[in-house]
Structures are given as structure tokens and as C-alpha cells.
Amino acid sequence: MNNTMLINADDMCFSKGASSAIKELCSIKAINSVSVIVTQNQFFKDLSWLKSQSELSIGLHINLTYGPAILTSCLTTKEGIFKHSFSSLAIKSLWYPSFRRAIEDEVVAQYDRIKNNSFEITHI
């Protein structure tokens, strides 16, 4: 059994600033794991850098509340921007099966986006 401690930086690809800070931490070996937000445009800008980090554990940071979604649904405005807070998502998912289905579909779409870009996901 490998007893390696993971030091994870959350919110990779949230913004240019977040990605830049995380890249700097990786360069000095202060972290060895990141959680990637795949719904922001920054994800596509950081793809080649992420793929070049063979020793970095990469996970999916599921995003259901901020910025653009992958799918347009009851979770988003007609422009595809998430429109619910975390508490609103929790409450509505208790009462509406279609809402739960939209959440599931968006999570699967985010998972597929990271997998389809040749990443071995180590955590969600």
C-alpha cells in the first residue's frame, strides 16, 4: 500500500488567476493534486499544461452554481448560465425528479469532458 499524502489545490481553471497560482504551487512542489473545474473557458486554456503534469493527481471539481454549464437545462438560464445557489439546488432536488435528472446529466457531462480530454481522474 502506498502511503503518499496528497496536498490538493481546489478550483483549478476557475479563473486565470486561480490557475496561475496553482501552477506556481506545482512548480515548487507544494501540491501534488488539483481539482479541475471544466465548465469555465480557462479549462481549455490550461489543457496542454495539465496534460504535461504526469505526476499530478487530477480530479473533477463538480460545478453546478457558477458561470456556464455544459448543458442547458432547468439548472441554467436560456443562455446556459447556472442560476441556482447550492441551497436552492438541494431543496429543489428533494421535490422534483426532473431537477435531479438535470443535475445528474450535468455531472455526467462534466465527467465526460475531463475524461474525453485524456485525463485519468483520481478523485471527484
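Mentor: Gladly, and let's begin with a term: buried means under 20% relative accessible area, exposed means over 50%, and partly exposed lies in between, using a 1.4 Å probe and protein chains only. This is a predicted model, in which local features need pLDDT of at least 70, side-chain atom pairs count only at pLDDT 80 or more, and totals for chains, interfaces and linings use all residues. Residues are numbered from 1 along each chain as its sequence is written, and side-chain values use heavy atoms, with hydrogens and water left out.

Trainee: Is Asp105 buried, partly exposed or exposed?

Mentor: The relative accessible area of Asp105 is 29%.

Trainee: What pattern does the protein chain follow along the sequence?

Mentor: Helices (H or I, at least four residues) and strands (E, at least two) are DSSP runs, numbered from the N terminus. The protein chain has 4 helices and 4 strands. Its C-alpha trace spans about 45 × 35 × 25 Å along the principal axes, and 40% of its 124 residues are buried. Read in sequence order, the pattern is β-α-β-α-β-α-α-β.

Trainee: How far apart are the end C-alpha atoms of helix H1?

Mentor: The expected span of a helix is 1.5 Å times one less than its number of residues. H1 covers residues 16-27, 12 residues in total, so it should span 16 Å. The model agrees, with the end C-alpha atoms apart by 16 Å.

Trainee: Within what arc do the buried residues of H1 fall?

Mentor: The buried residues of H1 are Ser19, Ile22 and Cys26. Seen down the helix axis, they line one face, and the arc is taken from the directions between the axis and the C-beta atoms. In general, residues three or four places apart point the same way because an α-helix has 3.6 residues a turn. For H1, the arc is 65 degrees.

Trainee: Which exposed residues does H1 carry on the face turned away from its buried side?

Mentor: On the buried side, the cover includes strand S1 (8-12), strand S2 (33-36) and helix H2 (42-51). The face turned away from it carries the exposed residues Lys16, Glu24 and Ser27.

Trainee: Which residue meets Lys23 in a salt bridge?

Mentor: A salt bridge needs a side-chain nitrogen of Lys or Arg within 4 Å of a carboxyl oxygen of Asp or Glu. Lys23 forms one at 2.9 Å, N to O. Because Lys23 lies in H1 and its partner in H2, the pair ties together parts 23 residues apart in sequence.

Trainee: Which residues are linked in a network of salt bridges?

Mentor: The structure holds 3 salt bridges. Arg101 meets Glu104 at 3.4 Å and Asp105 at 3.2 Å. In helix H4 (residues 97-115), about one helical turn separates Arg101 from Glu104, 3 residues apart, and also Arg101 from Asp105, 4 residues apart. The network links Arg101, Glu104 and Asp105.

Trainee: At what angle do H3 and H4 pack?

Mentor: Axes are lines fitted to C-alpha atoms, for helices over the stretch in contact, and angles run from 0 to 180 degrees between N-to-C directions. Under 35 degrees counts as roughly parallel, over 145 as roughly antiparallel, 65 to 115 as roughly perpendicular and the rest as oblique. The axes of helix H3 (residues 86-95) and H4 are 6 Å apart, and they pack at an angle of about 125 degrees. That makes H3 oblique to H4, in keeping with an angle of about 125 degrees.

Trainee: With which residues is Lys83 in contact, leaving aside its neighbours within four places in sequence?

Mentor: Lys83 sits in the loop between strand S3 (57-60) and H3, and at 48% relative accessibility it is partly exposed. Contact means heavy atoms within 4.5 Å. Leaving aside neighbours within four places in sequence, Lys83 is in contact with Cys74, Leu75, Thr76 and Thr77.
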